[in-house]
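Student: I have a model to go through. Can we take the labels one at a time and check each against its cut-off?

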Amino acid sequence: MEQHTQTTSLDHWVHSVLGRTPDEIENWVTIFTQSKIILQEVVIQRAVEAYLRFGGSGQEKLLYGPFCTMANKVLEVARLYIPDLPPFPVQDLLFCRNDPVMIGSGPLGAAHRSPDIAVISEQTLRTIQQREKYKVTKPQHPTTGITWTDPFSFIEIKLFEKERHRLAKVNEAWKKKVPVRTLIEAPTSEALSTSTDTLDQSATMHHHTSFPDGTGHKRKHAFASDIAIPPAKKQKVKRGQQDDDPSPLEKHETPPEYYEQLASYGLEMLSCTNGTRHHFFQCLIAGDIAEFWYGDATGIILSTKISWILDFEKFAAILVAIACCDHGRWGLTIPNLIPPAPQNNPSLPPISLEGYSTTMQHETYGEVMVTLGSPIYVQYSLVGRNTCVYNVNTTPEIFGGPLVIKMAMQSILRIPEHQLLILAENGDAHHHLPKAHMWTNRTSEWRSKDGVHGVVFPSNESDQYYEERTQCFIVFTTYLSLESVLTPRNMDYLFNQLLDALHDLRYKAKIIHRDISLSNLMCEMRGPARDIFWLILNDIDLGSAVGDNGEPTGRTGKHRTGTLPFMAVDLLENTEATHYLRHDFESVFYVALWCAVKLVKPVTSKDPFSAWGGQDIEIALANKKKLYDKGALREALESTCRLSPDFKAYDWWLILMWRVFKNGKKTVEGREDMRDMEDFDRAMADIDRDDLPEDVSCDDETLEGTVTYKNLKDALLKTRRMLKKRIPDLI
């Protein structure tokens, strides 16, 4: 993730993401300062003091309530201080404590996580209370009906020892900021829970400081009467150490695990909201130090830091700027998609793109209206193509069967998917590829440089990792997913077709697919009786054109490609490795193993593939490399990767397939041994290896002819007789 993250100044971030110029923010800061908002608004003053006291005692979870009270009060009184402030697009916007409520999965599934504070509308809170509650998976983590589509944003607050120590200094600085004559004696918890000054009856957030728990009862927030505000603890100071002022913000290093947690929320917001999020932004607060995040398919943009307490007026101005965001600023407006009429309620983020529409050109029917139906698939990825697939209807009707639309943020450094499909058809290698009816590349209408990334970093093209992206729509025939039809009866038949398809792409059309995964494998039922299983190799948008030697000849982008659980070892080990056909073949093996282990039986114990599919590439690499050890696969099939009873017949099928890749590894090791031999020169007939003729040079594409289509087909053929004996109706 680090290579996809860039930093810009806070002013630049606010201008680019929230659309407010530095002059506007500075004007609001001046108004808040001259009007002495801290002194005028007792609720804000008490909330900040409560935050400092709870922070000084190291009670992180008790910080959420005071922060929400402060933020909501700022939004409530902003119009009293700022003349001509336009109405907030989301007029019932709230900062609301979420922790410990787990945000449940949406229709397409998601992880269960518990952000500290949700930025959400009051209307959404009411709809959540009417939903069927999610099953409580962990007693200590209650769940409600909330999903990742509901909040507009999140705030995560962290408080460890160094933040606690800094807050003690901030507390002293705060007392200097607020004159002694206006300081209010620390209120009791009873006063905080009953005083109308603390929670003004007119404030919209009064009843919604926190979400209801799993029982439907409202959880007590940080100002509940059973929580006492402790006195601030005095910090020990070493002799000679100046403890008057907090350390400069630039010296505060944010721990990587803070970023990882915030990244996980961004992942869910982009991946588990049915394609409704074009981007997201959120805030991380460590003690008093706040920094803002923006994320989309091209990467993450961080702001520089600000002390929300010591620079309160500016932070309050940024809160107002956030409240001024419309759906487009929140990332809820998808370029080139028209929302259904009537317009969505601004207080309710869309839960899906159903009913949205766009126009595309058809070679026969001309302009066609494409209307989205139900969601089928959304890519689970933070940075990448952000692919989502929906059922669609077209006007006029262009095909006699069901259709889907694939929407993706395609890198302009890669060959567009529809062009690769045309190349395959021209090379007579399209028989196992999906039928595309219409496509459009929106490069002339929208590119990522037209959005926030282009504003913040206008010269991003020179960045080593940044990939300019554009929106691509393709309408395909609808197919069945492989996992919905795969059985022991047809597995050998379909995977042989997969090897055929990859071989034809490489040698007939000179294309490498480069992203073999379970989700990219489909099936069509053919024949008069619709009883012939025909494999469809989907999602060729990461593919590349290659030359006779199997190496890329066209644009391939800046990043390695593939789906982590199914990526070849070489590609995980070396980001600069050339992607050959043999790497796609290796991915075929991982998909087959995955299916034989997981497809039928639910994994009730520890998932043997959990280490393959996490975000840690090093862990995935280490676990895959273990399979190369002598006897490792056979042992794994009897223990950690025990085959499903239905697919037990495929044990030798998998073992012989894997032996092809092990032979390739031995060839590589043999090369290395040759270089280390003392008689290397004699063995090579005293010829420098760099001067060898081309016909005897190293064959990296097939590892000296070991990892080939023929060898893999032969390996599967050897087990055919055994399979037929074990599976009488084998196709």
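Student: How many helices and strands does the secondary structure of the protein chain come to?
Tutor: This is a predicted model. Its protein chain has 24 helices and 21 strands.

Student: What share of the residues of the protein chain count as buried?
Tutor: Of 731 residues, 55% count as buried.

Student: Why is L421 called buried?
Tutor: Its relative accessibility is 10%. Buried means under 20%. L421 therefore counts as buried.

Student: Where is L421 found, and which residues does L421 touch?
Tutor: L421 sits in helix α12, residues 417-426. Leaving out residues up to four places away in sequence, L421 touches L433, P434, A436, F476 and I540. A contact needs heavy atoms within 4.5 Å.

Student: Why does R659 count as partly exposed?
Tutor: R659 has 44% relative accessibility. Buried is under 20%, exposed is over 50%, and partly exposed lies in between. So R659 counts as partly exposed. Its place is in helix α21, residues 651-676.

Student: Which residues gather with R659 in a patch of positive charge?
Tutor: K630, R634, K666 and K718 gather with R659 on the surface.

Note on methods:
Residues numbered from 1 in each chain as written. Predicted model: local features only at pLDDT ≥ 70, side-chain atom pairs only at ≥ 80, totals over all residues. Heavy atoms only, no water. Patch = residues over 30% accessible without salt bridge, like charges linked within 9 Å, V, L, I, M, F, W, Y side chains within 5 Å. Areas by Shrake-Rupley, 256 points an atom, 1.4 Å probe, with all protein chains shown as cover. Salt bridge = Lys/Arg side-chain N within 4 Å of Asp/Glu carboxyl O. Lys, Arg positive; Asp, Glu negative; His and termini not counted. Charge placed at Lys NZ, Arg CZ, Asp CG, Glu CD. Helix = DSSP H or I, 4+ residues; strand = E, 2+ residues; numbered from the N terminus. Buried < 20%, exposed > 50% of the residue type's maximum accessible area, 1.4 Å probe, protein only.
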